[in-house]
Amino acid sequence: MPELPEVEALAQFLREHAVGAVVGRVDVAALSAVKTFDPPVTALSGRDVSGAGRWGKFLGMECDGLWLITHLSRGGWLRWIDEPSRTPPKPGGKSPLALRVNFFTQEGMTPAFDLTEAGTKKRLAVYIVDDPKLVPGISRLGPDALEVTEEQFGEILHGASQRIKTAIVDQTLLAGIGNAYSDEILHTAEISPFANTKTMSAETISVLYEAMRSVLADAVQRSVGQDAARLKGEKRSGMRVHARTGLPCPVCGDTVREVAYAERSFQYCPTCQTGGKVLADRRMSRLLK
């Protein structure tokens, strides 16, 4: 799933490539992806692109006071095309394409971007609104992970009273962090994913806050300026424990372990984070019963 650093990089990509262009035809290939009907997507056509923004993991493009907002969910992505087909895509089918926005630039070019979604579970969402706060997911967001103060951060965690892994990916508490970067932040801070927020000391919270800031800031710095097509690879290359089950921890050399639950999993290093203790993997526990 694209998280704060990738979405921030995509917003910057749109500022550099789309701002100043005029929106042409908007093609909807997956009707279920569009969550609003008034104004319609056709209202974007003919408008100048005037800006781009990010709210947590939501990405937005402003068109003369009207916003196209998207949440890319787990399998979604934005793909920029310099020379797209002029033939409108057919709605439905098995194509990963959800929506295409065509442009006319001042240089006479006609690029486009596609919103695509891999996999069978289609959760990518598109909203056309005149105020981003009208998007339900945005209106419920907590403070942005790169803007929250350390004092606010501490108050949020102590008020949550749950496992830290669960708390920092809850978008209503803190906006922008998902499964991947939460693994990296907790590894950097040397904190167990199962640590309870209610009992965390002020010193531990301070260490976690600095780890969050440094991990996200470093990821944003590496991501911004990259071509949209390369962002996924850039994200993977910077991971130390996430999606590295069975590989050696780059800090201590211990084997990176995994805990699976429902449709997700997370990774951690026992030596760096849990005092050598291997956390119970619910998936394996069920298989052994």
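Visitor: How far can I trust the model?
Guide: This is a predicted model, in which local features need pLDDT of at least 70, side-chain atom pairs count only at pLDDT 80 or more, and totals for chains, interfaces and linings use all residues. Residues are numbered from 1 along each chain as its sequence is written, and side-chain values use heavy atoms, with hydrogens and water left out. Over residues 284-289, pLDDT stays under 50.

Visitor: Why is Thr197 called buried?
Guide: Buried means under 20% relative accessible area, exposed over 50%, partly exposed in between (1.4 Å probe, protein chains only). Thr197 has 0% relative accessibility, so Thr197 counts as buried. Thr197 sits in the loop between α5 and α6 (202-223). Beyond four places in sequence, its contacts (heavy atoms within 4.5 Å) include Leu157, His158, Ile164 and Ala167.

Visitor: What makes Glu3 buried?
Guide: Its relative accessible area is 2%, so Glu3 is buried. Glu3 lies in the segment before α1 (4-17). Its side chain reaches the backbone nitrogen of Gly178 at 2.7 Å. Leaving aside neighbours within four places in sequence, Glu3 is in contact with Lys57, Tyr181 and Lys235, among others.

Visitor: Is Gly137 buried or exposed, and how do you know?
Guide: Its relative accessible area is 16%, so Gly137 is buried. Gly137 belongs to helix α2. Its C-alpha atom is 27 Å from that of Ala243, 106 residues apart along the chain.

Visitor: What makes a space a cavity and not a pocket?
Guide: Whether a probe can get out. On a 1 Å grid over the protein atoms alone, a cavity is a set of points where a 1.4 Å probe fits but cannot get out; a pocket is an open set with protein on both sides within 12 Å along at least five of seven lines; lining residues have an atom within 4 Å of a point. The search finds 1 cavity of 30 Å³ or more. The largest cavity holds about 40 Å³ of space. Among its lining residues are Leu14, Met61, Thr70 and Phe113. Strand β3 gives the most, with 3 residues.

Visitor: How many residues in the lining of the largest cavity are nonpolar, polar and charged?
Guide: There are 7 nonpolar, 2 polar and no charged. Ala, Val, Leu, Ile, Met, Phe, Trp, Tyr, Cys and Pro count as nonpolar, Asp, Glu, Lys and Arg as charged, and the others, Gly among them, as polar.

Visitor: And the largest pocket: which residues lie nearest its centre?
Guide: Met1, Pro2, Glu3, Arg74 and Lys235 do, out of 37 lining residues. The pocket has a volume of about 930 Å³. Its lining has 14 nonpolar, 11 polar and 12 charged residues. Helix α7 gives the most, with 3 residues.

Key: pLDDT = per-residue confidence, 0-100. Points joined across faces, edges and corners; volume = space filled by probe spheres on them. Helix = DSSP H or I, 4+ residues; strand = E, 2+ residues; numbered from the N terminus. Polar contact = N/O pair within 3.5 Å; in protein donor to acceptor, adjacent residues only side chain to side chain.
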